[in-house]
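Welcome to this short tour! Open your viewer, get ready to select a few residues, and follow along.

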Amino acid sequence: MSTLNEPQTGIIHNIGYRHYEGNRLGRFDITKALFGQTFRGAFGIQRGAKAKIFPWFLMACVLMPAFVIVAVETNMGGVILDMTSYTTMVQAVPALFLAIQAPQAVSRDLRFGTMSLYFSRPMRPRDYVIAKIAGVFAALMVFLAAPLILMYIGELLVDEPFWSATQNLAIAVFSVVLLALLLSCLGVLIASVTPRRGLGVAAILTVVVGSYGVATTVQSSIEFVSGSSDKAIWASVLSPITLYDTAQAGLFRISTSTIGLEPGFGMGLAATAVILLMSAACFWLLNVRYRKVASA
């Protein structure tokens, strides 16, 4: 039996540490990995069960009306709602998804001080901004396009002409690409201002949902007072949703889903240009913001 007075001998364990001998990846691979992490995080993939509940609950909420519409169309044998009107109808759900996931993507990095770790690698602030915007954009596109594809299948089931249904799907998907681009840039910009996730959620909801109410009220007031729908259409710049709706309606010669305005092709082009300019401005402001973070 050993005693405390016996001399102790040390043991060296060889646990197999060795130098890394593989290829050292650069900025593109780091950006790609950060994009993947942002996209997967938006749906709680590779995270705990608690992180999966809310995004998939919202996915069910945005798909459920489409399921109901398809079921009714199948029974009636005809289309009851055009795909181009669906996103505006359920706009509160994508807005809530954005409000939750944009702060999830960037606010926690600011709050827990991990930005210095990112920028200690060969990653530039622009790479971080691109990865985060692209991750949120891709998640939003999945969220917005899924019910449109379901409605497309429903239109084919009720014997809608293949070309007509495919054309409607292409118009709807192109339009939500514009909307997702603007919302992702705007949402990430707002979320990057504060490390407090709750403030970011509230601010994004206020801008996206609150501005829609303001825009539609101003549009209705202008049309009622002036009797001119051309003047009322310009109020669509007050909200991302009405701006997207005006771009879609003008480019493809359909009525808007808001107050039934019918913008011309020129107004559709102007609304599209405004969306692209606003997205570019948000991207530039994000680069300025993260250059300051990197130098702090």
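A search of the whole structure finds ten aromatic pairs. Here, rings of Phe, Tyr and Trp (its six-membered ring) pair if their centres lie within 6.5 Å; planes under 30 degrees apart count as stacked, over 60 as edge-to-face and the rest as tilted. This is a predicted model, where local features need pLDDT of at least 70, side-chain atom pairs count only at pLDDT 80 or more, and totals for chains, interfaces and linings use all residues. Residues are numbered from 1 along each chain as its sequence is written, and side-chain values use heavy atoms, with hydrogens and water left out.

**Stop one.** Select tyrosine 118 and tyrosine 128. Their ring centres are 5.4 Å apart and their planes sit at 55 degrees, so the pair is tilted. Tyrosine 118 belongs to helix 5 (residues 115-119) and tyrosine 128 to helix 6 (residues 125-157); helices are DSSP runs (H or I) of at least four residues, numbered from the N terminus.

Tyrosine 118 is partly exposed at 23%, while tyrosine 128 is buried at 0%.

**Stop two.** Phenylalanine 119 is buried, at 16% relative accessible area.

**Stop three.** Now select Phe35, Phe39, Phe43, Trp56, Phe97 and Phe143: ring pairs link them into a cluster.

**Last stop.** Find phenylalanine 67 in helix 2 (residues 49-76). Phenylalanine 67 is partly exposed, with a relative accessible area of 45%.

Conventions
Helix = DSSP H or I, 4+ residues; strand = E, 2+ residues; numbered from the N terminus. Buried < 20%, exposed > 50% of the residue type's maximum accessible area, 1.4 Å probe, protein only.
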